[in-house]
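Trainee: I have not looked at this structure before. Could you take me through how to read it?

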Amino acid sequence: MYPQDLRYSSEHEWARVEGRQVRVGITKFAAEKLTDVVFVDLPKKGVKVKYMQPFGVVESVKAVSDLYAPISGTVVDSNTKLLDAPEVVNTDPYGEGWMILVQPEDPKELDTLMTADQYATMIGESGS
Amino acid sequence: MTVPGKRDFPVIFEFSTPGRVGSSFPAPDVPELALDALVPAEHLREEPAALPEVSELDVVRHYTRLSHRNFSIDEGFYPLGSCTMKYNPKIHEDVARFPGFSRLHPYTPPEQAQGALQLLWELERQLAEISGMERVTFQPAAGAHGELTGLLMIRAYFESRGERQRTKVVVPDSAHGTNPATAAMVGYQVITVKSDSRGNMDVDALRAAMDETVAAIMLTNPNTLGLFEERITEVEEIVHGNGAQMYMDGANFNAILGITRPGDQGFDVMHFNLHKTFTTPHGGGGPGAGAVGVKSHLVPFLPVPVVERDGDRFRLDTNRPKSIGKVRAFYGNFGNLVRAYAYLRSMGSEGMRQIAEAAVLNANYMLARLRSSFDRPYDRLCKHEFVLAGTRQKRQYGVTTRDIAKRILDYGFHAPTIYFPLIVDEAIMIEPTETESKRTMDEFIEALLAINREAKESPDIVRSAPHTTPVKRLDEVRAARQPDLRWKPQR
Amino acid sequence: MTDRRKGVEVERRVQQKYIPATDAEREEMLRTIGVGSVEALFADIPVPVRLDRPLSLPPALSDPELIAQLRALAQANLDCDRATCFLGAGAYDHYVPSVVWHLAGRGEFLTAYTPYQAELMQGELQAGYEYQSMLCELTGMDVANASMYDGASATAEAAVMAKDLTKRSEVLVSTAVHPEYRQVIRTYVSPLGIQVADVPYRNAVTDIHAVEAALSDRTAAIIIQHPNFFGSLEDARALADLAHRAGALLICAIAEPLSLGILKPPGSWGADIVAGEGQPLGNNLNFGGPYLGMLATRMEFVRRIPGRLVGATVDTEGRRGFVLTLQTREQHIRREKASSNICTNEALLALAAAIYMAALGKQGLRRVAELNLRKAAYAKDAIGSIPGFEVPFDAPTFHEFVVRTPLDPDELNRRLLQHNILGGASLGRWYPELHDAWLVCVTEQRTRGEIDRLVEVLEGIR
């Protein structure tokens, strides 16, 4: 149900290791809770993000949520496509709906994140 | 892509025809000097603003037709919880339009505005009596504006006492959104305390959250669940015991007029929503009037000017060194203060109590008739409003509270408040007010019960509602994704 | 029901015309609820906080008595129908066409709520969309909101917007901005760590050299008023350029939007945010309120603009319709992260302003602005020619101007009252250096005869 190759944070972000970099987005669970995403506010290249600190905002018609970085580092790329097509977060949250690409400071932080099974359990516990 | 035969309802710009005029002004009776002789050319517009050019009849027809695409208290029932949509008396419109009020310039010398100042003074005395407060300011233009004023005064109060460690404001999890938003505007951190199983503020949780870094608690009483805070005396002890201030959001004042006074419950400051409890018309979203009452220790911090009386004369006092300043220019939404004053003068003391009793009776009647058809989060008698949950309908029929609300529109009523307070899933909040008759309430109840049956037997008609309104369900997602906030030609 | 509290019996409940429930209906409702009395519904109110006496309020008045009472209070005020008004200073006596309040006062608009149920409230929403559109045309900005409380608080909220947008914490405010607006700005920003620095005026306009000296990389915005409090036109484009070179925003406060009938719109000379007072657009003086705050800005700032916004969209059958949009900026969703706490606004006055602008139209607004400009110029010339009276500033003005008077302006006003004339605002209460000066306002409402009469009376007062 949840992609096995990703790691997950308690704030519903996912992280994918791509070589030396880490790509970040939000999970399908989060996207469904928000309902139709209308706007995403992402940091520019070069901005530093901090583990479990807010790095941006995702908005739907009925809610606004902070985005929390699952890893500390520097933003090397931001998905500007989401400015014109925020709905991609709903339709393809793990692919085209990615949000930032990060050069991590401390890759060990990834070890603190959950596996797909652990995340599924977490959201199963909190209900959907 | 439009449905054949169904044209979009035109905007006024679409009637524009060059050369048409809709107004009349006298010919200039002073020399018609060239504009650029009076004002340097670089300041002058090259083109007049592209406002529509329409005739007076175009204006009248357009706005008359628009008015028919609205829903108002004058037309029908508006059971919006937390809004107190009571009847707006016509006589108030007449008195507010007296030229002595409507054509009075705010900088008229006070000696020539004694009637206005007397009205403000008397209104203040009456609201102070009703609320148990010492003085009342009328500067705030709305409830949220009143909250801002109240919290600014609390902040100034603690500054004057050197208590700079007080950086937090406590709100219940059922609080109206303006409460935390206001706290943030005044630089406070918001601490949320949960409600207990009876819908009261959880006193143990409050005690745990309270310390000397808390400046104030903001409470609505009755709260946004329509329930009176039964443990208000314990709350008062805890809050004042920690040296903090009690702020009351007066949105639900309608339930307790003449029965209990916020001042007597221990509140130090409160705002009134004159456009709720005191009948001033909502006007499609405003104007409101958010008067703020304070106890004596906060009086020095009131915004300026303050109306003072010397014998039988009234004046405006600006010599108040500890004042927080001003939250708007001039004195307040005076036009609405005239209406509120007229209301108080018509109701008198016994009238106040009758309002509360009738409002609470009406709400409990509706609750009693609806309680078996909807989930109810709290098993208590309510005050002037009550909260139900559409969770059963969602679970059993896949019909949400939003769907039910939209279907209510087809039955000729405005929907109740939905999805507020946030602590009740699929919340439906209903407030009939005392100005509604049993007959109207019965009709609404029948409609809700009918929709409940529809949800079970033909849910699609509910899920795709509304059907009889001027437009069908609108695409809010598109509106947010592709904001179109002004008309442009050739769309 | 009789009331035996403290042994006092009050009359049997008088049937109130606003409270329809009859005794019989009350009994029936109580039975349905399952309680014996109305008192039982209040049983959960702790006894110590219950009122044990009737409220001490004046006795209730019937409708005819109410009219008489209010009329007496109204007649104790010298309003602008009874006296000839040369008073401006942020509230203006303009002609309001009859259609405005016949339409805006319709019950369907007056007694409607905020249009959260959009399908049912297309009238209100469309009127709001049209109003927003007209404001954009008037100001030359990309987006305008559906109203704020008044010009002063709108300007204050613009200052907070500037801080959020630039992440800088200082605003420079010209002392040629309305003194009450400046006071409100300070009240709003003081808890947010925003510093307010005054920039002086010179020759009745903002001293641009002082601005240059005060600008720094901490400046979030420069706030000017145009036309300013003294009625003068600012060197707006130069000030906007200065602001932008320093990475700051230019906020333009507008107390007299009718001036935009002939003046260049702020969007064309570089304003980033326009905060205005819409009272002159079809709304009455009303002793200071309700008034109409206007806020307009660039599209790139739209997600930071406070207040409600109406947007166009389509329904399930492709019909154009209108909704409140970008609501996630607002308090009911964003809560403590909202751009502002504003909820109830001044929607009805925005509607009146829209009707006014529609009735006047493209040509009418220009004509009214021209009348204001020319009548004020005529008066300025005539008053300035009276021995003892002087127009000290030569900056171009719209419909207000400063006059130095041979006697104390308050004394002058007292004498003018004997001729049923409301004289200009005496400036000494706000500007000690102008203790002998007066701010005279001449709108399209003043006839040549009235202006000549003022001049005649002033000539006689020496």
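Predicted model: local features only at pLDDT ≥ 70, side-chain atom pairs only at ≥ 80, totals over all residues.

Trainee: What are the spans of the C-alpha trace of chain C along its principal axes?

Mentor: They come to about 80 × 55 × 45 Å. The secondary structure of chain C consists of 14 helices and 16 strands. Of the contacts in chain C between residues at least 6 apart in sequence, 73% join residues at least 24 apart.

Trainee: Into which domains is chain C divided?

Mentor: Domain 1 covers 84-94 + 362-460, and domain 2 covers 98-356. Taken over C-alpha atoms, the centres of these two domains of chain C are 28 Å apart.

Trainee: How many residues of domain 1 of chain C are in contact with domain 2 of chain C?

Mentor: 24 residues of domain 1 are in contact with 22 residues of domain 2. On the domain 1 side, α12 (347-384) and β13 (400-404) of chain C each supply at least two residues. The largest share of that side, seven residues, belongs to α12(C). By residue type, that side of domain 1 of chain C has 14 nonpolar, five polar and five charged residues.

Trainee: Where does α11(B) bend?

Mentor: The bend is at B:G348 and is about 95°.

Trainee: Why is α11(B) described as largely enclosed by the rest of the structure?

Mentor: Because 35 of the 37 residues of α11(B) are buried.

Terms used: Residues numbered from 1 in each chain as written. Chains lettered and ligands numbered in written order. Domains from an automatic or database assignment. Contact = placed C-beta atoms within 7 Å. Helix = DSSP H or I, 4+ residues; strand = E, 2+ residues; numbered from the N terminus. Nonpolar A, V, L, I, M, F, W, Y, C, P; charged D, E, K, R; others polar. Bend = angle between axes of the 7 residues up to and from the residue. Buried ≥ 20, exposed ≤ 12 C-beta atoms within 10 Å, placed from the backbone.
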